[in-house]
Amino acid sequence: MSAPRKRISVLRLGHRRERDKRITSHLGLTARAFGADEIILSGEEDSSALETWKSVTERFGGEFECRYESKPLSFLRRFSQDAGDGEPGEIVHLTMYGESWRESIKSIESDRPMVIVVGGTKVPGEVFRLANYNISIGNQPHSEVAALGVFLQSLIGQIDESKHFQGGEIQVVPSIDKKQVINLEEE
Ligand code: SAM
């Protein structure tokens, strides 16, 4: 039996309710769609982001979780010591200043709970020090959504959506030329 997959959370630092509304929402949807188990929102509280993620999970299935964290650095300090099982968790900070993801992905522990940290406003220097890995997806400035998508795809690989996203109300049927959706509640 393959080892149980470790828990992967995404921590969004420095959310600005007005300025980051759409990109934070898309960040959580990307975390969910590419296989993370949870998104943790920090910065300004924003119930609309949490409601969006919960609603998509209800409609499309799976057990994706989301919550607000008022003290992200305290959370990271604790996580770096104890991921909840008495052992240190693994902190991956995505930043354009980091080492290449192509190199560092090879050495990442495969069995420890992980938090992937992405920024919004200026990221405190302490995040770089707390992180086990500061990883770049290229060294050009782009976006937390693109960085997370590439990193999760390389870390987790292909997801069996029929297994990963169970219990939803609807399911998309891939089509070459039209929108096709199954209403699972009528099945
Ligand atoms: N103003 C923030 C700062 O100075 O730290 C960064 C703003 S950037 C648009 C938002 C986030 O996108 C970054 O914190 C990082 O997580 C991610 N990001 C942007 N470009 C990246 C890259 N080339 N590699 C990895 N992550 C990147």
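Which residues in H1 are buried? In this predicted model, the buried residues of H1 are Thr 24, Ser 25, Leu 27, Gly 28, Thr 30, Ala 31 and Arg 32.

**Helix H1 and its surroundings**

- Helix H1 covers residues 21-33, which makes 13 residues, and from its first C-alpha to its last it reaches 19 Å, close to the 18 Å expected at 1.5 Å a residue.
- After H1 comes Gly 35, which has a positive phi, near 105°.

**Overall fold and dimensions**

- Seven helices and eight strands make up the secondary structure of the protein.
- With a radius of gyration of 17 Å, close to the 16 Å that the globule rule gives for 187 residues, the protein is therefore as compact as a globular protein of that length.
- The C-alpha trace spans about 50 × 45 × 35 Å along the principal axes of the protein.
- Of the contacts between residues at least 6 apart in sequence, 78% join residues that are at least 24 apart.

**Burial, surface and charge**

- Of the 187 residues in the protein, 43% are buried.
- The protein has an accessible surface of about 10800 Å², and carbon and sulfur atoms account for 50% of that surface.

Methods: Residues are numbered from 1 along each chain as its sequence is written. This is a predicted model: local features need pLDDT of at least 70, side-chain atom pairs count only at pLDDT 80 or more; totals for chains, interfaces and linings use all residues. Side-chain values use heavy atoms; hydrogens and water are left out. Helices (H or I, at least four residues) and strands (E, at least two) are DSSP runs, numbered from the N terminus. The expected span of a helix is 1.5 Å times one less than its number of residues. Buried means under 20% relative accessible area, exposed over 50%, partly exposed in between (1.4 Å probe, protein chains only). The radius of gyration is taken over C-alpha atoms; the globule rule is 2.2 Å times the number of residues to the power 0.38. Contact means heavy atoms within 4.5 Å. Accessible areas come from the Shrake-Rupley method with a 1.4 Å probe; for residues, only the protein chains shown count as cover.
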